[in-house]
Amino acid sequence: MKSIILLAPPAAGKGTQADLLCKKYGFVHISTGDLLREAMHQNDELGNSLKEQMQSGKLIGDAIVFELLENKLKTIENAPGSILDGFPRNVNQAEEYNRLLRSKNETLKAVIYLSIDYDTALKRIVGRISCPKCGHVYNDLIESNQPTVKGICNDCQSSLEKRADDNEEIFKVRFETYLEQTEPLIEYYKEKGVLYEVDSALPTNEVFQMIESIVDHI
Ligand code: AMP
């Protein structure tokens, strides 16, 4: 199985690029944010506590995230590859994931770092809407990324929603959390020789072409 990680600040387009990769290569898109939002919608104790923490823009504890991830990975063992979006978010999660891959005799093929500056990412957040059912991400303000019918998912026809944490105030916390906890992973994966950088401020199709050329050569 080809294991690929998309590493990026919030709103760099990880979800959009992951969806394109899955359509082209048949990979499975695993977003820990989506797994957590699914768990959050269960109205139990865990769901309620996740809601509060996620809406603050801070990271959820590694143990909960890893348990959700492991359960998801068990369901996709026959897939040609997986695209991890939003995981790992810190060095501890990266180490844990290495151990898991080693135990399955698999290796990490590539970490694709989607670079973007704060102001461009913030603009993207303002228009972002997503499908609560299949996770497809759209943007009302970017023509090439709008749904065909306003407010409706192209893939599963569910009503699109704006995420509660997609506002400027929480975005600022999420970006700071990224700089503190996730950005050190760039050096971490560079040292392991698996890091590829792509300029994510470019239009979606150009970013995807660069990602395709990486995936075709690993
Ligand atoms: P995302 O959908 O990736 O933007 O994630 C939304 C929120 O879910 C983040 O702000 C965190 O609170 C939480 N989250 C997602 N992935 C992780 C992770 N790997 N570790 C910890 N928290 C996460």
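Is T120 buried, partly exposed or exposed? T120, which lies in helix α6 (residues 118-127), is partly exposed, with a relative accessible area of 23%, where buried means under 20% relative accessible area, exposed over 50% and partly exposed in between (1.4 Å probe, protein chains only). The C-alpha atoms of T120 and E197 are separated by 17 Å, with the two residues 77 apart along the chain.

The model is predicted, so that local features need pLDDT of at least 70 and side-chain atom pairs count only at pLDDT 80 or more, whereas totals for chains, interfaces and linings use all residues. Residues are numbered from 1 along each chain as its sequence is written, and side-chain values use heavy atoms, with hydrogens and water left out. Helices (H or I, at least four residues) and strands (E, at least two) are DSSP runs, numbered from the N terminus.

Helix α9 (residues 204-215) has 12 residues and should span 16 Å at 1.5 Å a residue, which agrees with the 16 Å between its end C-alpha atoms; the expected span is 1.5 Å times one less than the number of residues. The buried residues of α9 are V207, F208, I211, E212, I214 and V215. They cover an arc of only 155° around the axis, which puts them on the same side of α9, the arc being that of the directions from the helix axis to the C-beta atoms. These buried residues pack against β1 (2-7), α1 (14-25), β4 (108-115) and β7 (195-199), with contact meaning heavy atoms within 4.5 Å.

Helix α7 (residues 168-182) and helix α8 (residues 184-191) pack at an angle of about 35°, with their axes 6 Å apart. Axes here are lines fitted to C-alpha atoms, for helices over the stretch in contact, and angles run from 0 to 180 degrees between N-to-C directions. On the α7 side the contact involves Y178, L179, E180, Q181 and T182, which meet P184, L185 and I186 in α8.

**Aromatic pairs**

The whole structure holds 8 aromatic pairs, counted when the ring centres of Phe, Tyr and Trp (its six-membered ring) lie within 6.5 Å, with planes under 30 degrees apart taken as stacked, over 60 as edge-to-face and the rest as tilted. Two of them are tabulated here.

| Pair | Centre to centre | Angle between planes | Class |
|---|---|---|---|
| Y25 and F27 | 5.3 Å | 10° | stacked |
| F175 and Y178 | 6.0 Å | 55° | tilted |

F27 counts as buried at 8% relative accessibility. F175 and Y178 are 3 residues apart in helix α7 and so are separated by about one helical turn; F175 is buried with a relative accessible area of 9%, and Y178 counts as buried at 5%. Ring pairs also link Y118, F171, F175 and Y178 into a cluster.

**Loops and backbone geometry**

Most residues other than glycine have a negative phi, and most peptide bonds are trans. A11, in the loop between β1 and α1, has a positive phi near 70° and is buried, with a relative accessible area of 7%. N105, placed in the loop between α5 and β4, has a positive phi of about 60° although it is not a glycine, and N105 is exposed, with a relative accessible area of 76%. A cis peptide bond joins F87 and P88, with omega about -5°, and P88 lies in the loop between β3 (81-85) and α5 (91-103).
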